[in-house]
Amino acid sequence: MAIVLPTAPARTQSGTLTACRFEAAGTAKVRAVRDGRSFTLEDGREIRLAGIEVPLPPAPGESGPQAEAGLAARAALESILADRTVELYQNGTVGDRYGRNLALVSVDGARRSVAHEMLARGFARVSARVGDRACAGELLAQERAARAAKLGLWSGPYYAVLPADNAAELATERGRFTVVEGKVWSVRESGGTIYINFGRRWTQALTVTISKRDESAFAAAGVEPKKLEARRVRVRGWIEERNGPRIEATRPEQIELAERN
């Protein structure tokens, strides 16, 4: 898979952070880029870009589309950040379980988000855990534009949106962050869980689960689970195998009405 990096940074639609309201957390110089969303500062802190997912760099000896995608994502971030001084913005989430600081990051004093850049170039996908509806909508718009233009990794097989009714193909993505699309066959509720089924049999197609206690949050975001039946839907998250492929949806930004965009 040959992926050509842009010769100049792509700008976000607005050029500055808008809906993603993070608080300024200082400046620092980048020492090294670890992968397509993580880097180390000269003061030793590890930073992970908030709001996006990227393919991880390959293990020693690994090859193939996934390995190439990981290298391409890292190269894209290096082209933006190498030896640069960056501004950090955080929203109260200090770090992840690996000790990395979660942050939005900008360069050149313009408050341009590097996460927006990675999405606009097609080397990242929006995370399932953005946490803010308006910010998620802004990031998803960047992803959709790159996907439509087949930019970056959207030009190859790694970022293909998978069909929700193909259990065999979804099984190969077990444990990975994946974007899936299809027509909802039925919506059922049982034992405090809402089941969004993309096929007559859950062993043969994707099932998305939503806890009943989260239903109001989805409805407030314009995604009412029980009204999704017969609609074409795009879902993002980690594929699990539970008598068939399954994604647990805990945040509204994980589900889009594909017929709208």
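Asp-83, which follows α1, has a positive phi, near 60°. This residue belongs to a predicted model of a protein with five helices and 17 strands. Of the 261 residues in the protein, 50% are buried. Among contacts in the protein with a separation of 6 or more, 63% are between residues 24 or more positions apart.

The helix that precedes Asp-83, α1, comprises 17 residues. From its first C-alpha to its last, α1 reaches 24 Å, which is close to the 24 Å expected at 1.5 Å a residue. The buried residues in α1 are Ala-67, Ala-69, Gly-70, Ala-72, Ala-73, Ala-76, Leu-77, Ile-80 and Leu-81. Packing of the buried residues of α1 involves the strands β1, β2, β3, β5 and β6, together with the helix α2.

In soluble globular proteins, nonpolar side chains tend to be buried together. In the present model, the largest nonpolar core contains 43 residues. Within this core, the residues with the most contacts are Phe-39, Leu-81, Val-86, Val-105, Val-114 and Met-118. Two or more core residues are supplied by each of the strands β1 (23-33), β2 (38-41), β3 (46-49), β5 (85-90) and β6 (101-107), and by each of the helices α1 (65-81), α2 (114-121) and α3 (133-148). The greatest contribution to this core is that of α1, with seven residues. Apart from this core lies another, of 23 residues, which includes Ala-164, Leu-206, Ile-210 and Phe-218.

The surroundings of Val-114, one of the residues with the most contacts inside the largest core, were examined individually. When neighbours within four places in sequence are left aside, Val-114 is in contact with Leu-49, Leu-77, Ile-80, Leu-81, Val-105, Ser-106 and Val-107. Among these partners, Leu-77, Ile-80 and Leu-81 are buried residues of α1.

The packing of α2 with α3 was also characterised. The axes of these two helices come within 7 Å and cross at roughly 25°. Because angles under 35 degrees count as roughly parallel, α2 and α3 are therefore roughly parallel to each other. On the α2 side, the contact is formed by His-116, Leu-119 and Ala-120, which meet Glu-138, Leu-139, Gln-142, Glu-143 and Ala-146 in α3. By residue class, the contact of α2 with α3 consists of four nonpolar, two polar and two charged residues.

Key. Residues are numbered from 1 along each chain as its sequence is written. This is a predicted model: local features need pLDDT of at least 70, side-chain atom pairs count only at pLDDT 80 or more; totals for chains, interfaces and linings use all residues. Side-chain values use heavy atoms; hydrogens and water are left out. A nonpolar core is a set of buried Ala, Val, Leu, Ile, Met, Phe, Trp, Tyr and Cys residues joined through side-chain atoms within 4.5 Å. Buried means under 20% relative accessible area, exposed over 50%, partly exposed in between (1.4 Å probe, protein chains only). Helices (H or I, at least four residues) and strands (E, at least two) are DSSP runs, numbered from the N terminus. Contact means heavy atoms within 4.5 Å. Axes are lines fitted to C-alpha atoms, for helices over the stretch in contact, and angles run from 0 to 180 degrees between N-to-C directions. Angles under 35 degrees count as roughly parallel, over 145 as roughly antiparallel, 65 to 115 as roughly perpendicular and the rest as oblique. Ala, Val, Leu, Ile, Met, Phe, Trp, Tyr, Cys and Pro count as nonpolar, Asp, Glu, Lys and Arg as charged, and the others, Gly among them, as polar. The expected span of a helix is 1.5 Å times one less than its number of residues.
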